[in-house]
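Dear colleague,

Please look through the sequence and the model first, and then read the notes below.

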Amino acid sequence: MHRPRTDSPALKVIFLGGVGEIGKNMTALEFGNDIIVIDCGSCFPNVDMPGVDLVIPDTSYLLANRDRVRGIVLTHGHEDHIGALPYVLKDLNVPVYGTKITLALVDAKLREQKTENVKLNIVKPGSTVQFGCFKVEFVNVSHSIAGSCALAVTTPVGTVFHTGDFKVDFTPIDGNVIDLQRIAEIGRRGVLLLLCESTNIERKGSSMSEATVGASFDGIFADNPERRIIIATFASNIHRVQQIIDLAVKYKRKVAFCGRSMVNIAAAAAKIGELRYSDDVVVDIDKIKNIDDKNLVIISTGSQGEPMSALTRMASDEMSKVRLGYNDTVIISASPIPGNERMVYNVINNLYRHGCKVIYESLAEVHVSGHAYQEELKLMHALLKPKFFMPVHGEHRHQKKHAELAVRTGMPPMNIIVPDIGNQVLVTRRSMKPGDNVSAGAVLVDGLGVGDVGSTVLRDRKHLAEEGLFVIVIGIDREEGRVTGVDVISRGFVYADSAEDLLEEAKQLVLRVSDKTDLKELEDPTVYKNVIRREMKSFLYKETRRSPMILPIVTES
């Protein structure tokens, strides 16, 4: 890999994730001999990645320059900002900086993946950390998770302001209002480059306060005094979980956490005081059978319809601990992430089949976004008044719309670049221009394997899923030069008991091909197997108009 020169006077902004996509956020800032990394996130696999558990950024550029990477700074503790850390830190052992709750969540993930000897450094909003030529200030912002920060990075060419994920909430649950005063001060001091999130650029106006959800929940609790209440939300939305617990206390109900991530995050948040409740309020999910419906609230994972999540398993009758019925009110306190809509609606349909009363975002204000709407984004631009701008954290359409908004606020179009993954942008005090691209993209995590599932494996999996598998086991006697037996196994292609004639014809085809092959001189069976595969492919398509994966296996007797 090409090693960049280290004597350039330009700041290099390198995008390894989080642009042109939702998720796996990762950006590197490089100047001279110093590199810092902002966030290290993951994302869920899409429908073209069967069997894949997680997608993380390709960090080969950082690994090639590991001696110059000074640290990783985290804006907050959501999966799309910290989810790749357990995998990346195994090869890139650098210090990690974040707020108390962010690092508590990171520590839990590292323990789960058995990633050891990581230097975790807690910072508070308002504090600064020096990384070589970079000085990073953590600025308090509001978001759907506690401990969220924007980053003001002082570099040799000027200040880079990275918003992280944010919203403007004047009535946050924890009372920590976004520090607009400090943001304005940084703007007056001068901002060279703004990297601003773009997730909700398509939404006009301003986002609602998280307190709105609490008021909606209060009404639902009051309207369902005799019913059991089940609320599915993101486990990381600690403020929302706190509101639910507070309402449970108000209405004299016990709380049970359901779902591995919900239990783990609640424990981690309670340990450091970010989640507050008395021991007599929370009960183990295994002990809820002895509690009357009217006295219980279950806080669950599964707001995105994830196949293995607690709510999905409840709705599918696969969770013995919680059996749904007509006396259940289920609240889905989240909006579907793009691509998850079908899974969420399947869960809702199954909940209705159980007789549950279901409340979700389109029916009541049971969810508010943690991301800034257009007016909040305009405010950020107005306060910071950056010279240059690059929209981040969104699909390409989001970034383009954000660029258009920046122009409407007075930003010259020539001072805006819409980056993509792998882009390297060179920034000086007077200019901003594209540089050479770097190695970047997606690394797939499948079970214990990291990066060993590539395009060929995915293509085979899709082929198997779409067309099925046709295995031909051929026994041969090399000395006599004859076939001793042919067995055909079909999986996901045809049902053997109803396709006896087809399978018999397939066996006869193998025998005809074998008769034309000198099996005594068969040193390398590859050519023989390729002929079998080609002839069988033509035969099966002619008979069925299907193209299964064909796998010939030759054994010698």
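This is a predicted model: local features need pLDDT of at least 70, side-chain atom pairs count only at pLDDT 80 or more; totals for chains, interfaces and linings use all residues.

Residues are numbered from 1 along each chain as its sequence is written, and side-chain values use heavy atoms, with hydrogens and water left out.

**The parallel sheet**

An open sheet is formed by six strands in the order β15-β14-β16-β13-β17-β18, with parallel pairing. Here strands (E, at least two residues) and helices (H or I, at least four) are DSSP runs, numbered from the N terminus, and two strands pair if DSSP finds at least two bridges between them. At the edges stand β15 (282-283) and β18 (357-359); each has a single partner strand, so one side of each is left without a neighbour in the sheet. Strand β13 (residues 228-232) is joined to the parallel strand β17 (residues 328-332) by five bridges, and I231 stands opposite I331 in β17. Helix α7 (residues 238-250) lies across β13, β14 (254-258) and β16 (296-300), at about 170° to β16. Such angles run from 0 to 180 degrees between N-to-C directions, with axes fitted to C-alpha atoms, for helices over the stretch in contact.

**The mixed sheet**

A further open sheet has six strands in the order β8-β9-β10-β11-β12-β19, and its pairing is mixed. Its edge strands, β8 (128-131) and β19 (388-392), each pair on one side only. Strands β8 and β9 pair in the antiparallel sense over four bridges, and V129 has V136 in β9 as its bridge partner. Helix α5 lies across β9, β10 and β11 (158-162), running at about 145° to β9. Helix α11 also packs on the sheet, touching β11, β12 (193-197) and β19; contact means heavy atoms within 4.5 Å.

**Helix α5 against helix α11**

Helices α5 (residues 180-189) and α11 (residues 374-384) pack at an angle of about 45°, with their axes 7 Å apart. They are therefore oblique to each other, a class for angles that are not under 35 degrees (roughly parallel), over 145 (roughly antiparallel) or 65 to 115 (roughly perpendicular). The contact is made by L180, I183, A184, I186 and G187 of α5 and by L379, M380, L383 and L384 of α11.

**The hairpin**

Strands β24 (residues 469-477) and β25 (residues 482-491) run antiparallel and are joined by nine bridges. Within this pair, I472 stands opposite V488 in β25. The hairpin has four residues between the strands, and G481 takes a positive phi near 65°.

**Two loop residues**

S144 is found in the loop between β9 (134-140) and β10 (149-155). At 15% relative accessibility, S144 counts as buried, whereas N93, at 43%, counts as partly exposed. Buried means under 20% relative accessible area, exposed over 50% and partly exposed in between, with a 1.4 Å probe and protein chains only. Not counting residues up to four places away in sequence, S144 touches H78, S236, N237 and G370. N93 lies in the loop between α3 (85-88) and β6 (96-98). With the same exclusion, N93 touches N117, V118 and K119.
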